[in-house]
Amino acid sequence: MNIVLLGPPGAGKGTQAKRLEERYGLIQLSTGDMLRAAVASGSEIGQRAKAIMEAGQLVPDEVVIALIADRIDRPDAKKGFILDGFPRTTKQAEALDRMLAEKGIRLDHVIEMKVDDALLVDRISGRYTCAKCGAGYHDRNQKPKVDGVCDACGSTEFKRRADDNAETVSKRLEAYHAQTAPILPYYRAKGALKSVDGMAPIDDVTVALGAILDGAARPKAKAKPAGRAKAKPKAKRAGKAKAKAKKRPKARKKPARGKRKARPARGRRPASKAARRSRKPARRRKK
Ligand SMILES: [Zn+2]
């Protein structure tokens with residue numbers, strides 16, 4: 001199962017990706033991590049990426065795509081992957097599709113974690129932690145019981161992350177929307193796009209993601225033990241038999257009756273075929 005998770009910074013993609021990783025045996029592919037790992041490994045592509053980064057340039061899409069291609073070839077990726085933070089542009093999405101198509105791999109789900117920008121700004125910019133024990137608080141949603149005193153340890157010192165201010169968060173969101181907005185119609189047109197409410201509580205988001213993923217994974221999982229190859233043609237044959245049964249009786253019944261009277265020997269054939277047709281589903285049911 002191969003997934004792309006889309007969503008702005010702060011939407012909780014990382015947390016959810018980690019949970020999906022554990023639950024479905026997938027690997028999380030963060031392009032930043034992959035780049036760092038490639039550089040550290042000194043591989044050919046890593047050296048190339050390193051040279052580009054040292055020159056202060058953005059790593060080209062084809063290098064990132066090559067890294068992803070390498071990574072998903074490894075045995076631990078055989079159950080699938082979660083791409084988090086890539087693709088960011090339509091060009092990247094197209095390049096990713098080409099690479100996957102060459103490998104005969106398809107994206108099963110592209111899931112957008114939808115957020116309300118104003119709420120997300122409020123959520124992120126309002127958060128702070130106890131400087132001593134790290135307990136998390138929020139200006140509006142989760143104040144300490146006694147103003148200015150940590151519930152957990154009694155400390156009166158708190159800290160905020162420098163980039164957790166409203167202005168910075170708003171800018172990050174703007175950049176995300178400007179870059180990523182065109183990807184949504186791209187995937188929507190392919191019928192691959194789904195969305196979950198990224199503003200819901202973390203556990204609810206996990207449940208919503210699970211519903212999307214299991215919705216597609218369950219029939220496969222059920223069919224496998226019985227033998228997928230068997231199950232599919234059976235369904236198809238049954239469908240065809242039904243279609244025949246619907247179409248043919250009208251056309252056949254009349255001539256068959258006429259023939260039966262005139263030439264009993266031939267008349268038996270359509271009759272027996274019809275009988276076989278009607279017997280077939282019964283036999284299958286016995287199985
Ligand atoms: Zn504390």
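Modeller: The protein has 11 helices and 8 strands, where helices (H or I, at least four residues) and strands (E, at least two) are DSSP runs, numbered from the N terminus. This is a predicted model, and local features need a pLDDT of at least 70, side-chain atom pairs count only at pLDDT 80 or more, while totals for chains, interfaces and linings use all residues. Residues are numbered from 1 along each chain as its sequence is written.

Let's go to the open sheet of 5 strands, whose order is β2-β3-β1-β4-β8 with parallel pairing. Two strands pair if DSSP finds at least two bridges between them. At the edges sit β2 (27–30) and β8 (193–197), and each of these pairs on one side only. Ignoring direction, neighbouring strands here are turned by 25° against each other on average. For that number, axes are lines fitted to C-alpha atoms (for helices, over the stretch in contact), and angles run from 0 to 180 degrees between N-to-C directions.

Start with β1, residues 3–6, which is covered on both faces: Ile-3 and Leu-5 on one side, Val-4 and Leu-6 on the other, all buried. "Buried" means that 20 or more other C-beta atoms lie within 10 Å of a residue's own; with 12 or fewer it is exposed, in between partly exposed, and the C-beta atoms are placed from the backbone. Why do neighbours in a strand end up on opposite sides? In a regular strand the side chains alternate between the two faces of the sheet.

On one flank, β1 runs parallel to β3, and 3 bridges join them. Val-4 stands opposite Leu-83 of β3, and Leu-5 stands opposite Asp-84 in that strand.

After α5 comes Gly-104, with a positive phi near 70°.

Back to the sheet, now on the other flank of β1. There β1 pairs in the parallel sense with β4 (residues 109–114) over 4 bridges, and the bridge partner of Ile-3 in β4 is His-109. Because 5 of its 6 residues are buried, β4 is largely enclosed by the rest of the structure. It also runs parallel to β8, joined by 5 bridges, with Glu-112 opposite Ser-195 of β8.

For contrast, look at the open sheet of 3 strands, in the order β6-β5-β7, where the pairing is antiparallel. Its edge strands are β6 (136–138) and β7 (158–159), each pairing on one side only. β5 (residues 127–130) and β7 share 2 bridges, and Thr-129 has Lys-159 of β7 as its bridge partner.

Before we stop, here is some helix packing. Helix α2 (residues 31–41) packs against α3 (residues 44–54) at about 110°, with the axes 7 Å apart. That makes α2 roughly perpendicular to α3; the cut-offs are under 35 degrees for roughly parallel, over 145 for roughly antiparallel, 65 to 115 for roughly perpendicular, and oblique for the rest. Leu-35, Ala-38, Val-39 and Ser-41 of α2 make this contact with Ile-45, Gly-46, Ala-49 and Lys-50 of α3. Residues are in contact if their C-beta atoms, placed from the backbone, lie within 7 Å.

Helix α2 also packs against α4 (residues 61–73), at about 85° with the axes 10 Å apart. These two are therefore roughly perpendicular as well. From α2, Thr-31, Met-34, Leu-35 and Ala-38 meet Val-64, Leu-67 and Arg-71 of α4.

Finally, the whole protein: 19% of its 287 residues count as buried. Among contacts with a separation of 6 or more, 68% are between residues 24 or more positions apart.

Technical notes: Two residues are in contact if their C-beta atoms, placed from the backbone, lie within 7 Å.
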